[in-house]
Amino acid sequence: MRKALAALLLVSLFVFPFFSEMFVLLFATEILIFSIFALSFNLLFGCTGLLSFGHAAFFGIGGYTAVLLAYHTHMGFIPILLLSAVAAFFSACIIGFFCVRRDEIYFAMLTLGFGMMVFTVVHQWRSLTGGSDGLSGFSLPELSLLFAKVSISPPKTFYFLTLFFFLATLLFLKRLLDSPFGLIIRSIRENPERSAFIGVNVSFYRWVSFVIAGTLAGVAGVLFVFYDRMASPSMVHWTMSARPVLMSILGGARSFLGPVIGAVVFYILEYIVTQFTENWMIFLGCILVPIVIFFPDGILGSLEKWIAKRRGRK
Amino acid sequence: MSEITLINFLNGLCYGMLLFIISVGLTVIFGVMGVLNFAHGSFYMVGAYLALTIIEKTHNFWLALVLAPTLVGFLGAITEVLFLRLLYERDVSFQLLLTFGLLLILDDGVKLVWGAGYHSVDAPKLLAGTVNIFGTSYPVYSLFVAAAGPVVALVLWLFFTKSTYGKTIRAAAMDREMADALGVNVKAVYTAVFFLGSFLAGMAGVLAAPLRAIGPSMGDKIIIAAFIVVVVGGLGSFPGAFLGAVILGLVEAFGVQFAPKIQMALPYMLLAVILLVRPRGLLGREG
């Protein structure tokens, strides 16, 4: 049943671009990009138990690096992606080193603080980043596939490129969470003290998890700037960091696909709500509060529990 | 001491004392309840906006200084009773998320009520104008804010060490179950503490109103500064909040003078250095 459902979903993800309108295609691309971003965040939150309010820093660092490389060099898509991921990797190494020095509450404060530090740098360093105007008007890099060079500019091509990275992220995270590393970070989430007592270097594993999450967020950032054709400071603002937080909570932070479901629901809600009002954030806050209080498992988590309960009764 | 150094020193003290009043509210709530309030900066912002309305209606700054913080305090108390109370048994993350949701609501909510533009408020007549210090003129109001910090510190210190209420709060902070067993109404204590912390945030908002532009993003900026203060000073420590606030205030003020290019990054450098050499904060307890 589950496998059939998954297969059906996967096939429809591959087939629907050939039938859908342009708007839906772009919408789906953005959701996939943010699913990668939210999944990377949830490696920290749902799996390691660390709530980060500064995850957009790496999303932005990846994105800005990619745009700067596209501006100043003639590199292809893949080298740009790799170099941008490296930039996100190193900044996550440094910022993560400071953030995991104290426990969870400090972690939340420090990630918010250092996240806003990155925002301040991006916002003030006009000569490099264009300040509040951001960077746009660059030519999209080409994708080299074996011997052919493909333009990533057609929306359909870009959708499939994004879909590829989305599926790769899912596979990678699945393998990671099933590995000994995945078991260790989950044991840290459940009980950091006991994990430390059995000999786990808690802050080291938290750091590694932070770096992997940051690097993945950087990849999502690269996809986003080439999708949006622009890098702007809003990419690194704390309101951007809030997005994966809300998506994961909405979908269910303890469920593997929770952040993805959350991203889909988030975008559909945003689309509906912003047609009526500009005050989207107040609306978000008003759904976040009851979800936190009454449905801490999110949509998918609550659904899974409900199904398990019904099975148990039979 | 040159003129500009003196002025920067006073500016640093003024900003530092404002930060102290905010951070001490954050640290009181954390010290007693173990809750970090992400919406604390938004409470500060709401305090400033309420002051704006009260001053526009009544032209009385002193009324605003009493009324606005009280209203913000009640906002905090209502939050605690309606929402936060349901989450004490759960993981800390959920408390953080709840206060974060509150931040989203308040930040957008003030735009609905007061619009997205920036506002300003005049200093009260009694404190308007400038005073001559060693041949430099300096606004009286800033001196007033710098003096308000130590007064708040003294009042809080007296409250927590001398009064029965203060001692009760400290008892509940030290050992919740024991206090409960001895007949302390811990639930009421928590609500009162949230009132007090939010009151302090609101008061800082009123004090800041004549100094800084009142706008929808003023809360975000200050909450990050307050986080830096409490990490540097030690979360949950009173003297730590005072020391951290003075240091950060002076760092920001002298940063403008001596290192204008990296001035924006200085608070974060301070934060990074403290985390490296003394992760529990300057006056923070072990643990």
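The expected span of a helix is 1.5 Å times one less than its number of residues. Keep that in hand for the first stop; and remember throughout that this is a predicted model.

**Stop 1: helix 2 of chain B.** Select residues 40-58 of chain B. Step just past the end of helix 2 of chain B and you land on His59(B), which has a positive phi of about 55°.

**Stop 2: a helix pair in chain A.** Hop over to helix 3 (residues 56-72) and helix 4 (residues 77-99) of chain A, which pack at an angle of about 145° with their axes 8 Å apart. The crossing of these two chain A helices is right-handed. Show side chains at the contact: helix 3 of chain A brings residues including Phe58(A), Ile61(A), Gly62(A) and Leu69(A), while helix 4 of chain A brings, among them, Ile80(A), Leu83(A), Ser84(A) and Ile95(A). Color this contact by class and you get 13 nonpolar, 4 polar and no charged residues.

**Stop 3: where the chains meet.** Bring both chains back: 29 residues of chain A are in contact with 31 of chain B. On the chain A side, pick out helix 5 (104-124), helix 11 (238-251) and helix 13 (280-294), each supplying at least two residues. Helix 5 of chain A has the largest share, with 12 residues. By class, this side of chain A has 21 nonpolar, 5 polar and 3 charged residues.

Terms used:
Residues numbered from 1 in each chain as written. Chains lettered and ligands numbered in written order. Predicted model: local features only at pLDDT ≥ 70, side-chain atom pairs only at ≥ 80, totals over all residues. Contact = placed C-beta atoms within 7 Å. Helix = DSSP H or I, 4+ residues; strand = E, 2+ residues; numbered from the N terminus. Nonpolar A, V, L, I, M, F, W, Y, C, P; charged D, E, K, R; others polar. Axes fitted to C-alpha atoms, helices over the stretch in contact; angles between N-to-C directions. Left-handed = near helix turned anticlockwise from the far one by under 90°.
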